[in-house]
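Welcome! Here is a short tour for anyone meeting this structure for the first time. Take a look at the model, then read on.

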Amino acid sequence: MGMLDRSIAVLRAPSAVLAVAAICLAGPALATAGQGSAAVCAGTDILRELAELDPEAHARVMRVADATENTEALLWRLRRDGHRDSYLFGTMHVTDERVTHFSPELTRVLEVVDRVALEIDDLSPDAMVPVIKKASELLLFTDGSRLDTLLSVSEYNKTKAILAKIGVPQKAASLIKPWFVSALLGISDCERNRSKTGDVVLDMKLAATARERGAEVVGLETLESQLLGLASVPLEEQVFSLRAGLAFSERSHDLLETTLQLYQKRRIGAALQLHRELARWAGIENASFDGFERELLEKRNRIMAERALPLLEQGNTLIAVGALHLVGANGLVALLREAGYAVTPIE
């Protein structure tokens with residue numbers, strides 16, 4: 001994940017992977033339901049900063065955003081002759097009230113649907129910790145590779161400090177794969193603190209609300225498949241992403257705020273290009289993130305669409321996944337249209 005995923009992890013990185021990182025850093029308190037805290041995760045919009053400091057880079061981001069298909073809405077209606085209407089919603093995996101507050105239209109949808117399909121149906125530590133223990137080979141190097149040989153001395157020192165927060169001994173830090181360190185970077189201090197006091201991310205709030213109203217909650221993916229997807233990203237790209245993430249490790253609130261602004265303004269198409277520009281800012285020239293897009297977007301989009309179709313056949317279903325999975329020529333909006341659904345924006 002790292003720089004690429006750090007600032008857009010909350011839009012399209014596997015929801016369970018973000019939860020894994022949060023669990024490692026926050027402990028069992030993450031799953032405690034409650035009123036939560038009043039903490040506000042404030043930050044600066046980096047995209048606005050980019051416009052002032054590098055107008056050409058900002059223009060590139062905007063051109064890509066304007067050219068990206070199906071970015072005009074987060075909530076969509078799915079309609080097909082002979083079927084009851086269903087819905088598609090793009091989430092952001094954060095606790096911020098600007099995201100977790102349901103709009104009147106989303107509230108109406110939740111009141112009528114029979115089921116809600118999320119990326120993962122259970123993000124609790126009880127469900128995930130056993131899976132993580134079984135999947136240690138996806139988190140750890142087993143082929144003789146070492147993280148300390150892939151980073152500079154200063155980068156590795158930062159990495160050891162991050163891993164120390166979850167109890168990883170310094171001698172063992174070199175065995176951790178880059179993608180997992182990046183997952184830890186993907187949780188800002190403010191988000192982590194809010195989770196400790198009982199605030200839940202949008203996906204979990206959707207699940208809880210659906211269950212309270214008697215709707216079924218199902219998952220389109222498994223934690224194992226999400227971990228495998230991340231581990232399948234080429235190692236070189238994992239390192240690129242981690243190095244850039246470490247360079248911006250002191251600006252977690254700004255990265256989160258930038259992403260939140262893109263989400264609220266329906267400018268989700270800017271996300272990927274913004275991360276390429278920020279990677280360049282971090283001094284990582286010609287960094288490729290094709291593997292991330294292939295493994296974490298395109299492949300998963302097709303799997304989600306395939307698994308959503310039987311649910312949509314039943315009608316009255318809400319599909320709610322990371323917002324970046326909706327947009328573009330290979331996003332869920334396009335894929336469900338290819339499957340014969342009329343997909344129209346609601347808000």
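Is helix 17 (residues 271–281) largely enclosed by the rest of the structure or largely open, and why? Eight of its 11 residues are buried, so helix 17 is largely enclosed by the rest of the structure. Here, buried means under 20% relative accessible area, exposed means over 50%, and partly exposed is in between (1.4 Å probe, protein chains only). Helices (H or I, at least four residues) and strands (E, at least two) are DSSP runs, numbered from the N terminus.

This is a predicted model, in which local features need pLDDT of at least 70 and side-chain atom pairs count only at pLDDT 80 or more, while totals for chains, interfaces and linings use all residues. Residues are numbered from 1 along each chain as its sequence is written, and side-chain values use heavy atoms, with hydrogens and water left out.

**The chain as a whole**

- The secondary structure of the protein chain comes to 19 helices and six strands.
- Of its 347 residues, 59% count as buried.
- The accessible surface of the protein chain is about 14000 Å², and 51% of that belongs to carbon and sulfur atoms. Accessible areas come from the Shrake-Rupley method with a 1.4 Å probe, and for residues only the protein chains shown count as cover.
- Looking at contacts (heavy atoms within 4.5 Å) between residues at least 6 apart in sequence, 85% join residues at least 24 apart.

**Nonpolar cores**

- In soluble globular proteins, nonpolar side chains tend to be buried together.
- A nonpolar core is a set of buried Ala, Val, Leu, Ile, Met, Phe, Trp, Tyr and Cys residues joined through side-chain atoms within 4.5 Å.
- The largest core has 66 residues, and Leu-88, Phe-89, Leu-206 and Leu-318 touch the most other members. Helix 18 (residues 290–314) gives the most to this core, with six residues.
- A second, separate core of 35 residues includes Val-131, Leu-184, Leu-223 and Phe-289.

- The buried residues of helix 17 are Ala-271, Leu-272, Gln-273, Leu-274, His-275, Glu-277, Leu-278 and Ala-279.
- Just after helix 17, Gly-283 takes a positive phi of about 90 degrees.
- Two packed helices are described by the angle between their axes and the distance between the axes.
- Helix 15 and helix 18 pack at an angle of about 105 degrees, and their axes are 9 Å apart. That makes helix 15 roughly perpendicular to helix 18.
- For such angles, axes are lines fitted to C-alpha atoms, for helices over the stretch in contact, and the angles run from 0 to 180 degrees between N-to-C directions. Roughly perpendicular covers 65 to 115 degrees.
- Where these two helices meet, Glu-237, Gln-238 and Ser-241 of helix 15 face Asp-290, Gly-291 and Phe-292 of helix 18 in contact.

**Two asparagines with positive phi**

- Most residues other than glycine have a negative phi, and most peptide bonds are trans.
- Asn-70 has a positive phi of about 60 degrees although it is not a glycine. Its place is in the loop between helix 5 (55–67) and strand 1 (75–79), and Asn-70 is buried at a relative accessible area of 10%.
- Asn-316, also not a glycine, has a positive phi of about 50 degrees. Asn-316 is found in the loop between helix 18 and strand 5 (317–322) and counts as buried at 15% relative accessibility.

**Single residues to look up**

- Ser-249 lies in the loop between helix 15 (235–247) and helix 16 (252–264). Ser-249 is buried, with a relative accessible area of 19%, and its side chain reaches the backbone oxygen of Leu-246 at 3.0 Å.
- Glu-298 is found in helix 18 and counts as partly exposed at 38% relative accessibility. The C-alpha atoms of Glu-298 and Asn-330 are separated by 6.3 Å, although the two are 32 residues apart along the chain. Not counting residues up to four places away in sequence, Glu-298 touches Glu-293 and Asn-330.
- Arg-213 lies in the loop between helix 13 (202–212) and strand 4 (216–219), and at 41% relative accessibility Arg-213 counts as partly exposed. Leaving aside neighbours within four places in sequence, Arg-213 is in contact with Thr-107, Leu-110 and Glu-111.
- Thr-100 lies in helix 6 (residues 97–100) and is buried, with a relative accessible area of 6%. Apart from neighbours within four places in sequence, Thr-100 is in contact with Val-94, Thr-95, Val-200, Val-201, Leu-202 and Lys-205.

Note on methods. A polar contact is a pair of N or O atoms within 3.5 Å; within protein, one must be able to donate a hydrogen and the other to accept it, and residues adjacent in sequence count only if both atoms are side-chain atoms. Angles under 35 degrees count as roughly parallel, over 145 as roughly antiparallel, 65 to 115 as roughly perpendicular and the rest as oblique.
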